[in-house]
Structure formats: structure tokens, C-alpha cells
Amino acid sequence: MPRTSSHTSKKAAATQEPAWSIPSLREPRYSQSLERGLAILSCFTPQRPVLGIADIADELDMSRSTTHRYVITLVALGYLEQGASRKYRLGMRVTDLGMSALNSTGLRRHSRRHLEELRQRTSYTSNLSVLDGADILYLDRARSFRRGQSKIDLGLRPGSRLPAYCTAMGKLLLAHLPEDQLDGLLSEMKLTKRTPNTITSKRALRDELDEVAGAGLAVSNEELAPQLYSISAPVRNETRDVIAAVNIAAHSSMIPLRKLVDTLGPQLVATTDRLSASLGYSPDGA
């Protein structure tokens, strides 16, 4: 019986691509050093905002000495910050880049007036978001001045993220994805129960998304947080694609959910129609 060569197994291990490497970037014209640095930044997520050298090294299959060298460079540049526990978090330079990206979008520039008008007419908080993977990313926010609205504020601001599956804006955006993209996202999602009303079944979520796509309006009935109601409508571009969502959020003590949908829903849709028109959308396709 032939013996398995240890040299062969070592060679196979050596040729295995590292976890941080993206196949399409393995050509010599790309910088692997930059790829490594950005891979380190990408390790920090809303679920894991603070990481140690060992955490990063293990996730990316890098040696701890190499990881440490990259991390201290990112600290010196302001993209990471070191805490008292010898662990790291994203630095303000990352926030600056994110805000620069948000401010550069025409969508945010066009939306501000419409969000403020919607808040003025309804007295409730209105938000604009886009889908980013399985999350929604807040682009803009017009906060209500009503007393008690702070109970459901959740500390949200432009750049904040929330899971798409348990928010009105998220369900609205998921419902308008191409079928293959939606299948891919749902296969990776973990539907964590955040309140008694959170949808935790992928089949039930899929059924609701079908309803949202037909209705053109999504509703969150205390699915993200207790006593938080939200309704959302789509923003479309000149090719009629849904590119963003706007919502109205209210504390349950301020308005019944049915009234929020029936009375303020039409005002929300009128707002998103005007915003869509400013982006070149025409309902008749002309």
C-alpha cells in the first residue's frame, strides 16, 4: 500500500489560499498589503465591535505577529483605536470615510427636504435607508419633536445599521430584490427573536415579503423593539428599480397601528413618489 507523503500534504496546505484573500484580487497588479489591511477593518461588525489580536488573526488565518503589525499601523493612522483591555475598535477615521460616502450620494442630497416635510406633516420621525447585505444602512433621519418619541429613538443616526428582517424598511427592500439575491440573503440570515412579534421563521418571512411586494407598503408591528411601530414605502430611480426606503416610526402610545397605516400611509407614499420623481422615476415609464 503506497504511503501518504507528508511532503505532499504540506505542499497542499501551503498552496491553500488565506482567508483574507479574495480570488479576483490575486493578480500581481493588486496590492495584497492593502487587501490585508482592509480585511482587518472588515472583521469589526455590529455584532463584534471590539476584537483582540488573537480574534483577528484567527478569523483571517494570519500569524499574530503579522496581524499585530497591521493593527498598530491602523491605530497610528486613526482607523483603529485601542481600549484599556488591549483590544481594538474602529476609529473615527472610519466614521469620517463613511460619512463622506453618505454625503456624496445624490440620494441623500435629494431626500433631506422630503424627510423634513414628512416629519412636519405627520409630526413623527422619518428615516431613509438602503439595503447593505442583510442589514439596512441609515442614510438620513428627521427626528420627531414630539414628547415621548425619544423612547423609541434607539440612538439611530446616519450610518447606523439594523437587521433587515425585523424592520419595515428592511422588509420593503428585501421584498423588491431579484429572486436569486433574496434566496442568497435568506440562506445566510439568522432570524433572532428580538421581541415576541419578531418573525423567526424564514418561510413566514418569505410569505410576508410576498405580501409587501404586492402592497407596496411594509409594516413593522413591534418586531424590532417593544412599542415601536413603523411603516415604509419604496424610493425608485429612473429605471424603476427600488433603491431605498423611507419610513415613519412612532411609539405605540401615540397612534394605533391601523391609523398609522391608513391615515399616514398615503402621506408616506406621496412623499416617496415625490422623492422618486426627483431621481428621474416616472410611474408610467415614460
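This is a predicted model: local features need pLDDT of at least 70, side-chain atom pairs count only at pLDDT 80 or more; totals for chains, interfaces and linings use all residues.
Residues are numbered from 1 along each chain as its sequence is written, and side-chain values use heavy atoms, with hydrogens and water left out.

Q: How many helices and strands does the protein chain have?
A: Helices (H or I, at least four residues) and strands (E, at least two) are DSSP runs, numbered from the N terminus. On that basis the protein chain has 10 helices and 8 strands.

Q: What percentage of the residues of the protein chain count as buried?
A: Buried means under 20% relative accessible area, exposed over 50%, and partly exposed in between (1.4 Å probe, protein chains only). Of the 286 residues in the protein chain, the buried part is 43%.

Q: How many disulfides does the structure hold?
A: A disulfide is counted when a pair of cysteine sulfur atoms lies within 2.5 Å. Cysteine 43 is buried at a relative accessible area of 2%, and cysteine 166 is buried at 0%. The number of disulfides in the structure is 0.

Q: How many residues of α7 are buried?
A: The buried residues of α7 include Ala168, Lys171 and Ala175. This helix is mostly covered, and its buried count is 8 of 8 residues.

Q: Which residues does leucine 205 touch, leaving out those up to four places away in sequence?
A: Contact means heavy atoms within 4.5 Å. Leucine 205 is among the residues with the most contacts inside the largest nonpolar core. Its partners are Tyr165, Lys171, Leu186, Leu191 and Ile199.

Q: What is the volume of the largest cavity?
A: On a 1 Å grid over the protein atoms alone, a cavity is a set of points where a 1.4 Å probe fits but cannot get out, and lining residues have an atom within 4 Å of a point. The structure holds 1 cavity of 30 Å³ or more. Of its 21 lining residues, Tyr138, Leu224, Leu228, Asn247 and Ala249 lie nearest the centre. The space in this largest cavity is about 160 Å³.

Q: Which element gives the most to the lining of the second largest pocket?
A: A pocket is an open set of grid points with protein on both sides within 12 Å along at least five of seven lines. With 5 residues, the element that gives the most is α2.

Q: Where does arginine 240 lie?
A: Arginine 240 is partly exposed at 40% relative accessibility. Its phi is near 75°, a positive value in a residue other than glycine. Arginine 240 sits in the loop between β7 and β8.

Definitions and conventions:
A nonpolar core is a set of buried Ala, Val, Leu, Ile, Met, Phe, Trp, Tyr and Cys residues joined through side-chain atoms within 4.5 Å. Grid points are joined across faces, edges and corners, and a volume is the space filled by probe spheres set on the points.
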